[in-house]
Amino acid sequence: MSRPETTAPPEVFYNDLESKKYTSSSRIQHIQAEMTLRALDLLTLEPHQHILDIGCGSGLSGEILSQEGDHVWVGMDISPSMLAVALDRDVAGDLLLADMGNGIPFRAGTFDAVISISAIQWLCNADTNTADPKKRLARFFDSLYAALRRGGKVACQFYPRDERQIEQILGAAKASGFAGGLVIDDEENKKNKKYYLILTAGNVTTNDINLKGIKIEKQPRRTAKKNKREETTKEYINRKKELMRKRGRLVALDSHFTGRKRRPKF
Amino acid sequence: MKLLTANFVQCSVKACSATPKCFPLHFDQQTADVPLELAHEDVDFSPEFVYNMLPRIDWPALTTTARELGNNMLPETKPEIENPNAPEHEQLLRDLHTLLLETQIIQGSMRCENCGHIYFIRDSIPNFLLPGHLVQ
């Protein structure tokens, strides 16, 4: 299946037709409910909390927030059609039309927890010529950190395109001051593999995150030194050439003969 | 939008979020095509939630918002509650619940004091999308 992220920007992709299809599909409803329950399970919240739902869409995940633990939630989404469906369904939470890449428009310490189901991978796309994913991610996580109370928790389920997107999102979250990591469910099953980004703002001591039966994937960090030790002669030559070019020296052009041995036949 | 949420939203422009003027958003200037409209919607009463939220509510901002919406009845200082289940506080908690959770702003506009940007509310959904020149 093609990724909706590559088709069109979210506010265009989720038009009236697509929003209705999305919300009425029992398969999607089931998956959404499962993921929301799993995210809540990971967060282990006390009842009666104030929660933000990022990319709430038609409020499928919000309904579960109201049912489980009697939380009061605020949802934000960029697609007016999705929010219109939410209005029709008469959801309990407040709705906001906003772009998460422009920041979370809430003052400091507003929320106890934040959940987001299948949304934050959209931040990695540049939909307009002025949008810079790196800046949008930074703005998103900075304002998210501010909007949470100290000790607040975040669970974001997302569909990364590849390893680089995971690294990009994790890096941006850590740069904003969050602690936490990635939880991967159903790791062996390529189709049903689910990624949850679990973050905490400030020190969480009172009610910790539920880490039973969870594998937090550790990214083996390749240091510069290790990189150098493992590189081939050709990589070494190319690296040095690149460095000299950066310093403004005159360097021979790269060709497919670069870094090859001169054998007798040559 | 609930009055509770109105007590937390601030201007979404990056340059504003560093200044103290970005909060609260003001309801004092309304336009003719989107007139201010409030409604009462019943929400299940939960004393614990109101009690949990009370320390986080910015009381001066709430009185300002209420005044701009036409309610001058709020006291100047924040009421204090020690125990959410004590019977003497129940009426107070119920009043706060009605004010914060059951008062809905159906339509109207909010203004940022710092940059002057106006956020419109339609069908009780505020629009926080920014025009291109305000995105940084």
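This is a predicted model: local features need pLDDT of at least 70, side-chain atom pairs count only at pLDDT 80 or more; totals for chains, interfaces and linings use all residues.

User: What kind of peptide bond joins B:Phe23 and B:Pro24?

Analyst: A cis one, with omega at about -5 degrees.

User: And the sheet in chain B? What is the strand order, and what is the pairing?

Analyst: The order is β1-β2-β3-β4, with antiparallel pairing. The sheet is open and has four strands.

User: Which strands of chain B stand at the edges?

Analyst: β1 (37–40) and β4 (125–126) of chain B. Each has a single partner strand, so one side of each lacks a neighbour in the sheet.

User: How many bridges join β3 of chain B to β4(B)?

Analyst: Two, and the strands run antiparallel. The β3 strand of chain B covers residues 118–122. B:Arg122 has B:Ile125 in β4(B) as its bridge partner.

User: Which helix packs on that sheet?

Analyst: Helix α4 of chain B, residues 90–102. It touches β1 and β2 (103–111) of chain B. The direction of α4 makes about 55 degrees with that of β2(B).

User: Switch to chain A. How many strands are in its open sheet, and in what order?

Analyst: Seven, ordered β3-β2-β1-β4-β5-β7-β6, with mixed pairing. β3 and β6 (179–185) of chain A are the edge strands. Each pairs with a single strand, so one side of each has no neighbour in the sheet.

User: By how many degrees are neighbouring strands turned against each other?

Analyst: By 15 degrees on average, direction ignored.

User: Parallel or antiparallel for β4(A) and β5 of chain A?

Analyst: Parallel, over six bridges. Strand β5 of chain A spans residues 148–158. A:Val114 stands opposite A:Val154 in β5(A).

User: What does α7 of chain A touch on the sheet?

Analyst: Helix α7 (residues 133–147) of chain A touches β1 (50–54), β4, β5 and β7 (194–200) of that chain. Its direction makes about 135 degrees with that of β5(A).

User: Where does A:Ser118 lie?

Analyst: In the loop between β4 and α7 of chain A. A:Ser118 is not a glycine, yet its phi is positive, about 50 degrees.

User: Which three residues supply more than any other three of the area chain A buries against chain B?

Analyst: A:His48, A:Asp94 and A:Arg107, with 28% of that area.

User: How many salt bridges are found across the interface?

Analyst: Two. One salt bridge is formed by A:Asp112 with B:Arg56, where the closest N and O atoms are 2.7 Å apart. There are also 14 residue pairs in polar contact between chain A and chain B, both residues at pLDDT 80 or more.

Technical notes:
Residues are numbered from 1 along each chain as its sequence is written. Chains are lettered from A and ligands numbered from 1 in the order in which they are written. Side-chain values use heavy atoms; hydrogens and water are left out. Buried area is the accessible area (1.4 Å probe) that two parts lose on being put together, summed over both. A salt bridge is a side-chain nitrogen of Lys or Arg within 4 Å of a carboxyl oxygen of Asp or Glu. A polar contact is a pair of N or O atoms within 3.5 Å; within protein, one must be able to donate a hydrogen and the other to accept it, and residues adjacent in sequence count only if both atoms are side-chain atoms. Two strands pair if DSSP finds at least two bridges between them. Axes are lines fitted to C-alpha atoms, for helices over the stretch in contact, and angles run from 0 to 180 degrees between N-to-C directions. Contact means heavy atoms within 4.5 Å.
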